Amino acid sequence: MDKKEVLSKLQEVFREVFDNDEIEINENTVAEDIEEWDSLAHVQLTEKVQSVFGVKFSAKEMNSWDDVGEFADSIISKLGK
Amino acid sequence: MNPKSVQVYERVGKVKTILNALVRRGYWYDNIFLPDARKFQVYSTFNTKVVNLGSTSAVAAFDYTGLPLKAANWALRRNPLAGDWAVLRNYASYLDAKGSTIIIPLCPFSALSGDYEPFEDRYYSVLYPSTIPGYSYVHNVQAQEKIINPIMHYPWYGIFIDFWHLCFKGNYKSMREEDMVKDAENRIGGWLKEFAMEDFNTPLSLWNKDNISRALDHVRNIIVFCRERNITAVLIVPPVYKTLSEKFSTEAKERLFDDFERIANNNGITFINYLADPQFMNDRTMFRDSYLMNKKGARAFTKRILTDLKLI
Amino acid sequence: MSSRILLSVSSVSKRSMKQLKNKAGEVIPFIGLGTFPFQGKVMADMVKSAVNVGYRLFDTADDYHGESGIGLAIHELEQEGIIKRDNLFIQTKISDNNATANEPLKAVYFNTNSKFMQRHSAEDIVREKVSISLRELQTDYIDSLLIHYPFPDYYVDVWKAMIKLKDEGVVRYIGVSNFHERHIETLVKETGVCPELNECYASPISIKQSLVDYCNHHDCMFVTYSPLMDITAGRIVTEKIQPLMEKYGKSLAQIILRWNIERGCLPLPKTKNPSRLEENFNVFDFSLAPEEIDLISSLNCDYQYLVESKICPGI
């Protein structure tokens, strides 16, 4: 899966978790760009992503992403292993 | 990959995601596949004031619903004292640093049950690897695969189990008195067989003595851990119905509980034995069977013990 | 040294007890770069960009799989004549291999259940880990070595090994990470040597005042990891800070980084985004008044994001 596909799938997850079909994400999207992105949503988002992509993140990894691009990079690196 | 294959692959992936989500919400996942793991996976209440550890009887005996304090039941079915020690070390950060209470429930045969190595797959979803005896990377990969993709391990009869529990929501009917008698006999027979004893009067084997020694070590570790962290430890024995408590003679109770009581006394720890407590042992409506309490019993017992400990 | 770096060195708060020096004897800027989870060429490019901005301190750990990327950057920077190794400050940590979810060596190190630990002493393991770090970082010394967590039953022995490495000149500063007061007290009681640094998480919503005060009192520099994580996760309520942002013309991230510096805490923000690298370093041309520092600290709710016992059971 390349980064474009991962971002596309992530966008679906974001829309589902935030219950907002108009959310558009890209590599540089950060929490401040999405109004509904609070700490609870962050946890829900990470759990959903783990479930959808079939990957697992450590607590450290979950808290290390600055933006959606880094989130996608982490997913790709796990899918590759 | 050609586009059509990619489409099929994506559709299969979506179906798998939905099926996994459904299986995770069912009875089989929480009670047979990974019993009692979910409450740890979702636990997030910092500054918890009271928790109980423990095994099968503690899962049934504690219910803090409606009580005016932050409390949680951290017991797991078929959980040895080694499991209690591991759970405490992993989740202690959730306890109130200014002061909290850990209730350590002992089953009648806690002293003899040893460590149950290796730990089951469910522990791989709730414990840090270094606290899982016999942990291996390979086993962890296999366990995580099962945890993430339970649909690939869902048995054919699972759908009937889940459907039945969805319809009847696990409502247990209280047993009749004669069934309670039979249940007690079966349980005692099963335990004596499990721990290779003819009866409570035969001398303990070397194997039994080893297990007792390990059990006491785990309790000592828990007590020291608690003392270092401003946690009050309490050792208790939950109640059982009279048909079962009658099976334990004075000598049997000495063998099974005296060592724990001695450790508690030597360390200034409260020890309360509710095994034959009259408030519970004579009331069949509080028990699911001769051993395990039902919801009514759990609420009454939890309130009783917290009152005895002056926590409410 | 560039004027930006001179400014970053001179405008450190009066509250700070300590400053760190590189091997060339220069005081390094009071901000560093966190590097997890970057690796390889991505890491190397980030470090090189950061050096050009003015960063000198780079934080990693032996289980981040990022040391080789930093080593590559050091090598290329020296080759290109941009900076010498002795002008940098590389910090790494002794870990139990837990940073990533699929780490094959989990539960091997510093674990009483591990058969490996029955065969090897803590000192053997520390020496091996340091030699690997030196090789990956392409250097013959480490500026700062920390114990990543107070591994129960092992952290005193690990500390003793680190003291030896410092005496041998392999490591210049030795410190700890995620240690509470009682862990530091134990180290001092057992060895007489107090850590020079303690790297922990702190934030306006989790100010850890008593630990910060304890470290300052014992000449142990408090280093803050993930100082901006709560912004990324949407946990900081900005109403109180907005006026400060407008007053100084700074972003929320810059205000929080400066708040750390004013408290004597060296922050380690992480980013590979070039504009955020610049932005995070651009915090030395203003300072916060004491009441402004207190205002930010008043957001404190002792927030705990890290369940420490799940990462270091028995902590």
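This report walks through the sheets, helix packing and chain contacts of a predicted model.

## Ground rules

Residues are numbered from 1 along each chain as its sequence is written, while chains are lettered from A and ligands numbered from 1 in the order in which they are written. Because the model is predicted, local features need pLDDT of at least 70 and side-chain atom pairs count only at pLDDT 80 or more, whereas totals for chains, interfaces and linings use all residues.

Helices (H or I, at least four residues) and strands (E, at least two) are DSSP runs, numbered from the N terminus. Two strands pair if DSSP finds at least two bridges between them.

## The sheet of chain B

Let's start with chain B, where five strands make an open sheet in the order 2-1-3-4-5, with parallel pairing. Its edge strands are strand 2 (71–73) and strand 5 of chain B, each of which pairs on one side only. On average, neighbouring strands of this sheet are turned by 15 degrees against each other, direction ignored. For such angles, axes are lines fitted to C-alpha atoms (for helices, over the stretch in contact), and angles run from 0 to 180 degrees between N-to-C directions.

Asn52(B) has Asn73(B) in strand 2 of chain B as its bridge partner.

Strand 4 (residues 231–237) of chain B is largely enclosed by the rest of the structure, because six of its seven residues are buried. Here, a residue is buried if 20 or more other C-beta atoms lie within 10 Å of its own, exposed if 12 or fewer, and partly exposed in between, with C-beta atoms placed from the backbone.

Six bridges join strand 3 (residues 100–105) of chain B to strand 4 of chain B, in the parallel sense; Ile102(B) stands opposite Ala233(B) in strand 4 of chain B. Strand 4 of chain B also runs parallel to strand 5 (residues 270–273) of chain B, and four bridges join the two. Ile236(B) has Ile272(B) in strand 5 of chain B as its bridge partner.

## Helices 9 and 11 of chain B

Helix 11 of chain B lies across strand 4 and strand 5 of chain B, and runs at about 150 degrees to strand 5 of chain B. Helix 11 (residues 250–266) of chain B also packs with helix 9 (residues 206–228) of chain B, at an angle of about 30 degrees and with their axes 11 Å apart. Angles under 35 degrees count as roughly parallel, over 145 as roughly antiparallel, 65 to 115 as roughly perpendicular and the rest as oblique.

Which residues of helix 9 of chain B meet helix 11 of chain B? They are Ile212(B), Leu216(B), Val219(B) and Arg220(B), which meet Asp259(B), Phe260(B) and Ile263(B) in helix 11 of chain B. Residues are in contact if their C-beta atoms, placed from the backbone, lie within 7 Å. By class, this contact has five nonpolar, no polar and two charged residues. Ala, Val, Leu, Ile, Met, Phe, Trp, Tyr, Cys and Pro count as nonpolar, Asp, Glu, Lys and Arg as charged, and the others, Gly among them, as polar.

## The sheet and a helix pair of chain C

Chain C has an open sheet of eight strands in the order 1-2-3-4-5-6-7-8, with parallel pairing. Strand 1 (32–34) and strand 8 (265–268) of chain C stand at the edges with a single partner strand each, so one side of each is left without a neighbour in the sheet. Neighbouring strands of this sheet are turned by 25 degrees against each other on average, direction ignored.

The axes of helix 3 (residues 67–79) and helix 5 (residues 122–137) of chain C come within 7 Å and cross at roughly 45 degrees. That makes helix 3 of chain C oblique to helix 5 of chain C.

## Where chains touch

Chain B gives five residues to its contact with chain A, and chain A gives four residues. On the side of chain B, helix 1 (3–24) and helix 6 (137–148) each give two or more residues.

The contact between chain A and chain C takes 17 residues from chain A and 19 residues from chain C. Helix 3 of chain A gives the most to the side of chain A, with three residues.

How values were computed: Two residues are in contact if their C-beta atoms, placed from the backbone, lie within 7 Å.
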